[in-house]
Amino acid sequence: MYRACKIILHLAFCILLYCALCYTVHLNAATADFVLDTIVVVAKDGSVPSAPSQTTIVYQQLAVSPIETPRDLSSSVPNLVMPAYGSAMTSAIYVRGIGSRLDQPVIQISIDGIPVLDKNAFDADLLDLRHASFKPGPQGTLYGRNSMGGVLELTTFQPMDVSTWSVRASVGYSTANTVDARASVYHRPKPSFAYSIGVLYGRTDGFYTNAYTGKLIDGNNHASGRFVMQFKPNERWLITTTTMGSYITQGAFPYALARSRVIAYNSPTGYERLLLSQSLRAIYQREGYHLELVGTYQFLADHMLMDQDYTPRDIFTLEQTQRQHNAYIDAILHGESPVPWYSYSVGLTGFMKANTMSAPVTFLREGIESVILTNANKGIHTAFPEDSLEITNETIAIPSDFQFLNLAGALYHVSRFKPVRGLTIDVGLRADVEYSAMDYRSSAALNYRMTAYMSEPEPYHIGMKGFRSQTHLTLLPNVHLQYDWHNLSLYATAARGSKAGGYNPQIFSTIMQTRLMNALMQEMGVSLVPNEDGIDYSSADITAYKPETAWSCELGTRWTALKPSMTQPHHRLSVAALAFYTDVTNQQVTVFPSGQTTGRMMANAAHTRSAGAETQLNYRYLTPHWLVLLHAAYGFTDARFIAFNNGLGVYDGKLVPYAPQHTMAVQATGQYTFNAAWSLSLTATTHGQGRIYWDEANTQEQPYYQLLDLSANLTWRMVTLQLYARNIVGTKYDVFYFVSMDNAFLQAAPPRQIGLNLKLIL
């Protein structure tokens with residue numbers, strides 16, 4: 001079934017894409033000289049205006065600061081945190097008190113209307129970004145799975161944005177021998193056809209030194225490219241095909257022992273990833289309705305090496321590879337009715353993810369002694385104080401191979417009512433069905449001796465294989481009321497969101513370790529001492545976790561003052577404020593097993609709730625010579641466990657770890673245009689977050705910290721010289737903390753960074 005589903009869906013998608021391309025090329029050839037530039041690309045909710053709670057970052061803001069990945073945008077959004085730790089695979093995200101480090105993300109990211117289908121691909125370079133917006137709160141009715149915390153929509157420059165030719169290029173150099181170079185060419189040979197080609201390359205030596213080897217461990221090299229074609233066969237159609245690819249190889253996991261704050265481990269670590277994507281987006285618009293069709297195939301191949309004890313000791317290592325195929329199709333129709341007070345949106349979505357993973361764990365000699373034999377002999381000595389288990393191997397390999405399959409389908413509908421002037425009521429419902437399955441195979445082999453009755457070691461082999469599956473139906477309703485009066489908007493929203501369930505293979509080393517010790521000890525009629533947390537780590541059942549769901553209510557307002565004038569200065573001021581309450585069931589929490597055990601797993605906390613507030617201010621002042629931009633945002637979140645017992649403690653009432661209580665950002669830009677050729681802009685950005693608790697018991701924390709970034713842009717005609725500094729005052733803080741094998745580890749933030757960019761736009 002697994003292979004059949006993959007083959008059928010791959011063929012169906014390729015046929016659909018090929019037919020669409022052939023059809024558009026045919027129409028383009030037939031109508032090459034006719035074009036009408038009236039197509040408006042609207043948001044998925046069918047409305048051009050921004051939602052009142054939405055954070056929008058326009059091109060002027062993006063141009064004055066170096067923006068390379070989605071993470072660079074997160075500090076401008078209240079209560080949204082995308083910390084950088086571990087590797088490009090980690091991509092942890094927290095918003096309004098919810099999120100996780102493993103597996104399913106809490107937000108969805110889309111680029112030019114195409115969703116990024118796996119969290120492992122979130123930390124990737126952005127090329128020619130021109131607009132970004134974040135819609136907070138559950139967006140599941142329109143966007144489906146893994147949009148429980150919101151949707152980050154990114155828009156890049158497109159070929160149809162130019163009249164004939166355009167070239168965009170930049171080269172930059174910064175701290176740690178960091179180089180960034182990128183170039184794009186946009187060409188529109190006919191009014192009905194345009195294309196673009198863009199490439200980028202970057203590298204860095206890194207910031208963190210491994211004291212054991214004396215070498216930097218987080219350097220990287222990365223490159224990516226994009227090819228876009230756009231067709232306007234007539235005044236109603238806009239068809240875009242996008243081919244993208246990226247590659248990164250990097251050092252990874254600069255985790256230091258918390259007590260010494262020194263990084264020191266002896267086994268190699270690193271991460272390597274290849275991403276490929278082919279997408280098709282077709283928009284058809286005519287009076288009365290608007291149709292959008294999206295299809296994408298995305299391939300991810302990666303390879304990770306990890307010294308999993310993060311110390312100079314020879315305990316154990318992990319190597320993981322993935323080959324992941326993702327496919328997604330979505331069709332949404334926005335329609336108007338004969339009556340002016342009603343409109344609707346209806347859509348159909350299909351999704352597939354097929355992942356082949358290999359994750360072998362190798363126990364080295366010290367690991368055999370401290371992890372396997374210590375735990376096993378603890379039980380043996382309760383019955384036979386003078387006897388022990390001996391293992392003669394220098395290493396024990398535990399190969400684990402997996403096949404994961406996710407199939408999902410959804411039908412959704414939103415009705416929009418405007419019963420009286422100024423009042424808008426949106427009522428929507430989405431029905432999501434998702435099937436997830438795991439086919440697994442793992443084994444271990446060693447030579448052992450029981451001193452009680454064996455004179456020579458004997459070989460022993462243990463294996464396990466099996467299949468697990470689960471199916472979930474999730475209903476995601478949404479009700480939104482908004483009243484607009486002049487420049488004031490008042491709104492209330494109630495919505496349900498979800499984060500998909502699945503299987504976590506990273507605990508399999510613990511499962512095999514436990515089964516191996518149980519089997520060997522049964523030879524002597526001795527039972528293994530139970531784990532402190534009471535969890536049965538010998539069963540594959542612990543790899544499963546259920547979907548996380550949340551009900552969220554939000555009340556807010558936005559006021560906009562707009563005073564345009566041809567002769568007087570142009571002012572625009574927007575102020576927004578909101579309060580939210582989110583009730584989360586089955587919240588997914590990363591759990592590290594207690595004691596000298598390995599691995600980590602995803603577990604469902606029983607019940608949590610988040611309450612908080614957000615406020616934003618945006619101001620723009622424009623004269624023939626001056627442009628002033630001001631953005632300020634503040635978010636407060638109080639996220640607590642209502643009921644959570646992980647076997648080690650009861651954490652009811654404790655704050656949820658990793659989610660900051662406060663976030664704040666202020667960005668001020670002043671730009672002066674001397675004449676038609678010269679302009680100068682200065683930008684100061686300060687942003688901070690905290691307090692962040694690192695554990696469920698709230699005993700370890702990162703206090704609130706504030707950073708200051710500066711940038712200056714000097715422009716002469718089409719050339720811009722940009723000088724920037726990140727964390728210019730050198731604030732020291734930690735971005736990650738965890739406990740594994742009874743040791744506490746942390747990752748400190750990178751130091752101050754200073755850089756120079758040279759940009760060209762023709």
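Reply: Let's start at Phe157: the charged end of Arg130 sits over its ring, 5.7 Å from the ring centre. Before going on, keep in mind that this is a predicted model. The ring of Phe157 also has the charged end of Arg168 over it, this time 4.1 Å from the centre.

Now let's turn to some strands. Strand S8 covers residues 150-156, and it pairs with strand S5 in the parallel sense over 5 bridges. To see how the two line up, look for Ile107, which stands opposite Gly150 in S8. In general, strands of a sheet pair through backbone hydrogen bonds, and the pairing can be parallel or antiparallel.

How many of the 5 residues of S5 are buried? The count is 5 of 5, so this strand, residues 107-111, is largely enclosed by the rest of the structure. As a general rule, side chains in a regular strand alternate between the two faces of the sheet. In S5, Ile107, Ile109 and Ile111 point one way, while Gln108 and Ser110 point the other way. Both groups are buried.

S5 has another partner, strand S6 (residues 114-115), and here the pairing is antiparallel, over 2 bridges.

Strand S9 (residues 165-174) and strand S10 (residues 178-190) run antiparallel and are joined by 10 bridges. Ser170 stands opposite Arg182 in S10. This hairpin has 3 residues between its strands, and Ala176 takes a positive phi near 70°. S10 then pairs with strand S11 (residues 193-204), again in the antiparallel sense and over 10 bridges. Here His187 has Tyr195 in S11 as its bridge partner. S10 and S11 form a hairpin too, with 2 residues between them.

Strand S3 (residues 93-95) is joined to S4 by 3 bridges, and Ile93 stands opposite Ser100 in S4. In the loop between S3 and S4 you will find Arg96. This residue has a positive phi of about 50° although it is not a glycine. Is Arg96 buried or exposed? Its relative accessibility is 4%, so Arg96 counts as buried.

Compare that with Arg261, in the loop between S16 and strand S17 (270-286). Its phi is also positive, near 55°, in a residue other than glycine. Arg261 is partly exposed, though, with a relative accessible area of 47%.

Let's finish this tour with some aromatic rings. The structure holds 28 aromatic pairs. One of them is Tyr255 with Tyr310, an edge-to-face pair with 5.2 Å from centre to centre and 75° between the planes. This pair links distant parts of the chain, since its members are 55 residues apart: Tyr255 lies in the loop between strands S15 and S16, and Tyr310 in the loop between strands S18 and S19. Both tyrosines are buried. They also belong to one aromatic cluster whose members include Tyr85, Tyr94, Phe253 and Trp694.

Helix H5 (residues 365-383) has 19 residues and reaches 26 Å from its first C-alpha to its last, close to the 27 Å expected. Where does H5 bend? The bend is at Leu373, by about 40°. Leu373 is one of the buried residues of H5, and others among them are Gly367, Ile372, Ala376 and Ile380. The buried residues of H5 pack against strands S21, S22 and S23 and against helix H6 (508-522).

Notes:
Residues numbered from 1 in each chain as written. Predicted model: local features only at pLDDT ≥ 70, side-chain atom pairs only at ≥ 80, totals over all residues. Heavy atoms only, no water. Pairing = 2+ DSSP bridges. Helix = DSSP H or I, 4+ residues; strand = E, 2+ residues; numbered from the N terminus. Phe/Tyr/Trp six-rings, centres within 6.5 Å; stacked < 30°, edge-to-face > 60°. Buried < 20%, exposed > 50% of the residue type's maximum accessible area, 1.4 Å probe, protein only. Lys NZ or Arg CZ within 6 Å of the ring centre and 35° of its normal. Expected span 1.5 Å × (residues − 1). Bend = angle between axes of the 7 residues up to and from the residue. Contact = heavy atoms within 4.5 Å.
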